[in-house]
Amino acid sequence: MITILSELEQDALLEVLNIGMGQAADSLSQMVGEEVLLSVPRIFFMYRHEVFGMIEAEPMTPMAAVRQTFSGPFQGAAMLIYPHKKSLELVRALLREQIELEECRELEQESLTEVGNIILNACLGSIANIMEIEMLCDLPEYLQGTCDSLLVARHVPDASDDTVLLLYVDFMTNNSTIKGYVVLLFDTWTLSQLKTELVGVLSRY
């Protein structure tokens, strides 16, 4: 892992991201017709090749992911990743029905893409608000594969030592709690700007 931010700066970023998750939770609650809570209990900066070990998966564990690229004053990619088994549980939780496994698989891609779009936009929107910039987000893309393959495949910007921000996201409904992971890939300039903006936020309080 990498030390990019001071403890105070990281706490400030965590607070901003939790605000974004609150907005995403409201959107998901309206979508499913019941209260949904989202929290970001931990965030870590690390190199891309370190992410695999943090996602608590065996090397060949199948994963489901939603990827969204962004552009504007800076460019990058964001991914929402779930172990495949958990992604099916999330679909069941969203639909609030005990549907058959095969039917659940048919609905998995559409449901998770919509969830990913909401959550990733909330994360990126929160960061854009800190930096007071406009970020343009492409349409989300649903992917499947091992964690390794998702992070190094051609659809992710190249360079194995890219610095990423990993968020643990708890998705909670009345009947279940499911952990997901958001990976944000930033370039060096963006990380520097993020730190500068957080210093400015802290100076105002």
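Colleague: Ring pairs, as I know the rule: Phe, Tyr and Trp rings (Trp by its six-membered ring) pair if their centres lie within 6.5 Å; planes under 30 degrees apart are stacked, over 60 edge-to-face, the rest tilted. How many aromatic pairs does that rule give here?

Modeller: Two aromatic pairs. Before we go on, some ground rules. This is a predicted model, where local features need pLDDT of at least 70 and side-chain atom pairs count only at pLDDT 80 or more, while totals for chains, interfaces and linings use all residues. Residues are numbered from 1 along each chain as its sequence is written, and side-chain values use heavy atoms, with hydrogens and water left out.

Colleague: Fine. How are the rings of Phe 44 and Tyr 168 arranged?

Modeller: Edge-to-face, because their planes are at 70°, with the ring centres 5.8 Å apart. Phe 44 sits in strand β1 and Tyr 168 in strand β6. The pair links distant parts of the chain, 124 residues apart.

Colleague: Are Phe 44 and Tyr 168 buried or exposed?

Modeller: Both are buried. Buried means under 20% relative accessible area, exposed over 50%, partly exposed in between, using a 1.4 Å probe and protein chains only.

Colleague: And why is the pair of Tyr 168 and Tyr 181 edge-to-face?

Modeller: The planes of these two rings are at 70° and their centres 5.3 Å apart, so the pair is edge-to-face. Tyr 168 is in strand β6 and Tyr 181 in strand β7, so this pair ties together parts 13 residues apart in sequence. Both tyrosines are buried. Phe 44, Tyr 168 and Tyr 181 form one aromatic cluster.

Colleague: Step back a bit. How many helices and strands does the protein have?

Modeller: Six helices and seven strands. Along the sequence the pattern runs α-β-α-β-β-α-α-β-β-α-β-β-α. Of the 205 residues, 51% are buried. Take contacts (heavy atoms within 4.5 Å). Among those between residues at least 6 apart in sequence, 72% join residues at least 24 apart.

Colleague: What about the core? Which residues touch the most other members of the largest nonpolar core?

Modeller: Leu 13, Leu 38, Leu 167, Val 182 and Leu 184, out of 50 residues in that core. A nonpolar core is a set of buried Ala, Val, Leu, Ile, Met, Phe, Trp, Tyr and Cys residues joined through side-chain atoms within 4.5 Å. Elements that each supply at least two residues include α1 (7-32), β1 (37-47), α4 (101-131) and β6 (163-172). Helix α4 gives the most, with twelve residues. In soluble globular proteins, nonpolar side chains tend to be buried together.

Colleague: What does Leu 167 touch, beyond four places in sequence?

Modeller: Among its contacts are Leu 17, Val 40, Ile 43, Cys 123 and Val 182. There is also a second, separate core of 20 residues, with Met 63, Ala 77, Ile 81 and Leu 185 among them.

Colleague: Which helix holds Leu 28?

Modeller: Helix α1. Leu 28 counts as buried because its relative accessibility is 0%. Leaving aside neighbours within four places, Leu 28 is in contact with Val 36, Leu 38, Val 115, Ile 118 and Phe 171. The C-alpha atoms of Leu 28 and Leu 38 are 9.4 Å apart.

Colleague: Now the glutamates. Is Glu 9 buried or exposed?

Modeller: Buried, at 7% relative accessibility. Glu 9 is in helix α1 and touches Lys 195, Leu 198, Val 199 and Leu 202, not counting residues up to four places away. Glu 108, in helix α4, is buried with a relative accessible area of 3%.

Colleague: And where is Glu 132?

Modeller: In the loop between α4 and β4 (136-137). Glu 132 counts as exposed, at 70% relative accessibility. Glu 132 also has a positive phi of about 55°, although it is not a glycine.

Colleague: Last topic. How much space lies in the largest pocket?

Modeller: About 170 Å³. Eleven residues line the pocket, and the closest to its centre are Asp 162, Thr 163, Phe 186, Asp 187 and Thr 188. On a 1 Å grid over the protein atoms alone, a pocket is an open set of points where a 1.4 Å probe fits, with protein on both sides within 12 Å along at least five of seven lines; lining residues have an atom within 4 Å of a point. Points are joined across faces, edges and corners, and the volume is the space filled by probe spheres set on them.

Key: Helices (H or I, at least four residues) and strands (E, at least two) are DSSP runs, numbered from the N terminus.
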